[in-house]
Amino acid sequence: MKIIAAFNIKGGVGKTSTAVNLAFLAAQTGYRTLVWDLDPQGASSFYFRIKPKVKGGSKELISGKCELDGLIRGTDFERLDLLPADFSFRNLDLVLDSGKKPTHRLEKLLKPLGDDYDFIFLDCPPNISLLSEAIFEASDILLSPVIPTTLSLRTLDQLKKFISHKKIKKLQLMPFFSMVDRRKKLHLDIMKILPEQHPDFLTATIPYASDIERMGQERMPLNAFIKNSRSTRAYLELWQELLEHLNSKSL
Amino acid sequence: MLYHFDAPGRLTTENLIAELSKKLNVQLVSQHYSLKTYFDSFDWRLYSGGILCEFNQSKPVSRLILKDCLSGQTLASADLDSIPAFAAGFSNAKIRKMLSPLLEMRALLPITTLDYTLYQLNILNEDEKIVLKIIIESYDLINSRISLEAIKGYDNALARVSKILIEAGLKPSRSSVLVDALKTQSRKPSDYSSKLTIELAPDLRADIAVKYILSHLLKTIKINEQGTITNTDSEFLHDFRVAVRRTRSGLSQLKEVLPEAENDRFSQYFAWLGQLTNQTRDLDVQLINFENYQNALPVTLRKDLTPLYDFLSVKQKQAQKTLAAKLKSSEYVIPLRQWEDFLKTPAIKKPTETEALLPIKNLADRRIWKVYKRIIKQGNRITDQSPAENLHELRKTCKKLRYLMEFFQSLYPQKKIKPLIKVLKDFQEILGDFQDLEVQEQSLKTYSAEMIEKQVPANTFLAMGVLIQNLDKRRCDTRNAFATKFETFKQRENQISFQTLFKNNEPDT
């Protein structure tokens, strides 16, 4: 089982689309896949038409009183399940803090799912907090969508510093450009410079496109309503690059 | 999880969908005409192994599905245009690995085909999210099947739809589509087995009982005849030969039961028939064993054995062709028909044969006990220096005993006779191996002489030489193990069991 977190300190950078679309492609490839919607806004739950409600809320979930398996919902797509969000997830930090070993809590909760899933995608809320630390400890890969702007560079540096400060060895940060608008000179300039400073950037980029925005209307992953477009191709490239990377490290 | 229901014949699929639509948000995903064919080996190896092999052909896609016989759960599936004859022909590794150990050398054959309309429905909630998938297979000849595929976390939808279906008169499926389809043809699964199951009453007149046993064997001969002629797989001929051999053994072991003239005449016929099949079977065995032959050689020599395979294949085809022609000739057909007529003739009121009127149980006891004693006698005479012929003679006697015990199984308590058949079977194994290894060794020597004329590469002969050496070593090992195996067979405990079960109270003869 590989755990991949779609993460960025900033909001509105395409984390949910990344988690939802890559999870869809993983399931289509034949992998048993789970998306965990950790964002109290419940966007990925919304995309899968699943009610953002968890029985017992964040307290029972984090305490381990109810097993995760009982909270999981099947999506409309084969091999793809979702653990929905709950509005109480806004207090996840507080709930984690009140327990023992808070930063290892998610890792412990996810462990029993190892036999059921090949991939778990975590759709993470923005910000950097105790929950983020728990996510970093649980994940194998931190897939970070970055909009090519100056501010993004700052937050990426912040994130890198944080990860190296916390000495989380297992975790691998994989940034990639998201919501790229090729008409904007700034985007093109930054995309040229940034990878030089950050060679860990993936080569696949996700465009700023109206069909990705349409996911909200259609309430399903992109590939489920569009068979072939610039955006679907972009997500497929991103998925293949990720998979190649994992295969090279013997998945 | 899957839940299956049967729709009563009066309820059409259209009405059922209309009924569901009244209460639920139903989405019809697809509807198309399909053909469903069940495949298995002739002797039902997949079904016996708990697998249903279903090939569903429809316009968009044709798919092979392996299902668990009991739960109906899908074990493996693949999109295929056609079904290969043998397990090795499947490109899908999962399917190949599931089927190979069950089917071995047996071919996959279509058992029965049904046409139906396949409906795929989704039940949606207020968010238009799928909460349950429904598959309806609407048949003409049997009740339609409704399968509910639960979606994780939406158990309520499953419970609700199940309730609606039961209220509409549907019942949980009790038998598979295959069982129902076969029922329309007055058949049932596993209706062929190479094992003998003959039910006899202990006081039945011996002549009637023997004819009954022989009729059973004739049925097996006839059932395997076509597959032997077409060479569908090697086991048709195998079962055909076993039935012929059992018939011969029956005729010679139960001699004083049927009229002498007929007994002699048909004994000769079945001896001829057995001979007729020898060469093809020997070659079949060589081809089946070929992989083992190769694996027993050093890696560097394995490829050199390929010309032998080609040679055997060509020879097998020729032998098979000759055999098929013979099985279509009057030489085979006419006496077999006469044999059938003879078996159908009602028993004579006052037969002259000494044992014809005996109750079959008495005759069975007497024959089995006599042959058992002969085995012990023959076995005791064999020393480490005894020639191979003595072992072959013993092997034949053992086979006679085995057939007698199998013919008359139903006359004895199963718990007592089955373990004794097993004891005998274990002992027969070593004698069988010894004989097989000798035949294989001998055949390879004969083939190599024939192959010299065919300009086969020298390395092939080298590989065959090593192979013969291997076989010879195994044969010697088997020969050396004989004494121990015989000791196990004749141990006191077994002797007492044989005696108690078969000796009866009659004086020794």
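Biologist: Is K166(A) buried, partly exposed or exposed?
Modeller: This is a predicted model, and in it K166(A) is partly exposed, with a relative accessible area of 33%.
Biologist: And which side chain does K166(A) meet in a salt bridge?
Modeller: That's E133(A), at 3.5 Å from N to O. The pair links distant parts of the chain, 33 residues apart: E133(A) sits in helix α6 and K166(A) in helix α7 of chain A.
Biologist: What about E133(A), buried or exposed?
Modeller: E133(A) is buried, because its relative accessible area of 15% falls under the 20% cut-off.
Biologist: Over to chain B. What does K67(B) form a salt bridge with?
Modeller: With E54(B), the closest N and O atoms being 3.0 Å apart. K67(B) is in strand β4 and E54(B) in strand β3 of chain B, 13 residues apart. Both of them are buried.
Biologist: How many salt bridges over all chains?
Modeller: The structure holds 45.
Biologist: New topic, the sheet in chain A. What's the strand order?
Modeller: β3-β4-β2-β5-β1-β6-β7, an open sheet of seven strands with mixed pairing. β3 and β7 stand at the edges with a single partner strand each, so one side of each is left without a neighbour in the sheet.
Biologist: Last one, α8(A). Where does it bend?
Modeller: At M191(A), by about 25 degrees, and P195(A) follows within four residues. M191(A) is also one of the buried residues of α8(A), which pack against α7 and β7 of chain A.

Conventions. Residues are numbered from 1 along each chain as its sequence is written. Chains are lettered from A and ligands numbered from 1 in the order in which they are written. This is a predicted model: local features need pLDDT of at least 70, side-chain atom pairs count only at pLDDT 80 or more; totals for chains, interfaces and linings use all residues. Side-chain values use heavy atoms; hydrogens and water are left out. Two strands pair if DSSP finds at least two bridges between them. Helices (H or I, at least four residues) and strands (E, at least two) are DSSP runs, numbered from the N terminus. The bend at a residue is the angle between axes fitted to the seven residues ending there and the seven starting there. Buried means under 20% relative accessible area, exposed over 50%, partly exposed in between (1.4 Å probe, protein chains only). Contact means heavy atoms within 4.5 Å. A salt bridge is a side-chain nitrogen of Lys or Arg within 4 Å of a carboxyl oxygen of Asp or Glu.
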